[in-house]
Structure formats: structure tokens, C-alpha cells
Amino acid sequence: MEWLLDLGYFGLFAGSLLAATILPFSSDFLLLGMLAAGADPVLTVAVASLGNWAGGMISYGMGRSGRWEWIERWFKVRRETLERQKARIDRWGAWLAFLSWLPLVGDLFALALGFYKVSLWRVALFMLIGKTARFVGWAVAVEWIRPLFA
């Protein structure tokens, strides 16, 4: 992961994107590394947010391309189970996208929102807001803590 930091903002974007899709690591560490290295906080938050959002939207798209029949056949999930899960997703809808930044379950939320065909535009907006809020929180924490170690 250190090599991503050597790539600067491009590495931050790429790492944040991949962390929201297929690689099991946290983009938070990349953001913190950039901030610790003295990167501009606003640009760092913007790049990390856009990369992580793009990765989340890729997960959404992967879910959207899924078919109920595939889940039933390949994963042996009964249609009734899928219908119960759909009812839960429908209850919260695109609001779940605010939580797509959460470790472990966030990527599953993005996949499920796509799989159950929740509004693309609402998911995209809410996901961007949620992921940006997380990175803003980290940046504020770093800026608040930094003077304590100076």
C-alpha cells in the first residue's frame, strides 16, 4: 500500500477506488498517509472521495447486472429469501448509500442497492455525500490532532 502513496494523488484516487471494490484494505489509511505527508487537505479529501465513490458505483453496477435466477441457482438462495431482502432494501432505499463507507457491510450495501435496482441517481448522490463526510471527518480529526504533536 505504501507504493500507492508514492504515486501521490493518482495513487490516492486509485487506492480509494480499489478499496471500495475488490481489494481488502481501507482507503482511510491512504488518506491519513497523504495528510501526514503534508498534502493539501481539501484536495486530498476531494480525490479520496471521488475515487471511493467511483469504486462504490462500480460495486453498484456489478449488483445491477446480477439476476435473481443466478443467485437462486449458483448460491442456492430461495426466491422467498430474495424477496424478504428486497423488502428490507425497499424500506430504506437509497438512504443505505449514505452508509456505503462502513467497513465490511458498505460494499454489500452498494451491491444490494444495485441488485435490487434502487434509483441510480439517488444512490450516486447519497453515496458521494456519505463517503465525503467520512473523509472530511478524518481530515478534521487530523488537523485537530496535528498541533498536539508539533
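Guide: What follows takes the labels one by one.

Guide: This is a predicted model, where local features need pLDDT of at least 70, side-chain atom pairs count only at pLDDT 80 or more, and totals for chains, interfaces and linings use all residues. Residues are numbered from 1 along each chain as its sequence is written, and side-chain values use heavy atoms, with hydrogens and water left out.

Visitor: How many salt bridges does the structure hold?

Guide: There are four. The term asks for a side-chain nitrogen of Lys or Arg within 4 Å of a carboxyl oxygen of Asp or Glu.

Visitor: What makes Asp 28 and Arg 134 a salt bridge?

Guide: Their side chains meet at 3.1 Å, N to O. The limit is 4 Å, so the pair counts. Asp 28 lies in helix 3 (residues 27-36) and Arg 134 in helix 8 (residues 120-145). The two are 106 residues apart, so this bridge links distant parts of the chain. Helices here are DSSP runs (H or I, at least four residues), numbered from the N terminus.

Visitor: Are Asp 28 and Arg 134 buried or exposed?

Guide: Both are buried. That word means under 20% relative accessible area; exposed means over 50%, and partly exposed is in between (1.4 Å probe, protein chains only).

Visitor: Why do Glu 69 and Arg 79 count as a salt bridge?

Guide: The N to O distance is 3.8 Å. That is within 4 Å, so the term applies. Glu 69 sits in helix 5 (residues 68-75), Arg 79 in helix 6 (residues 79-92), ten residues apart.

Visitor: Why is Glu 69 called partly exposed?

Guide: Its relative accessibility is 44%.

Visitor: Which residues make the nonpolar surface patch?

Guide: Ile 58, Met 62, Leu 104, Val 105, Leu 108 and Leu 111 make it, over about 570 Å². Helix 7 (105-115) supplies the largest share, three residues. Helix 4 (41-64) also supplies at least two.

Visitor: What makes Val 105 partly exposed?

Guide: Val 105, in helix 7, has a relative accessible area of 34%. That is between 20% and 50%, so Val 105 is partly exposed.

Key: Patches are made of residues with over 30% relative accessible area and no salt bridge: like charges are joined within 9 Å, nonpolar side chains (Val, Leu, Ile, Met, Phe, Trp, Tyr) within 5 Å. Accessible areas come from the Shrake-Rupley method with a 1.4 Å probe; for residues, only the protein chains shown count as cover.
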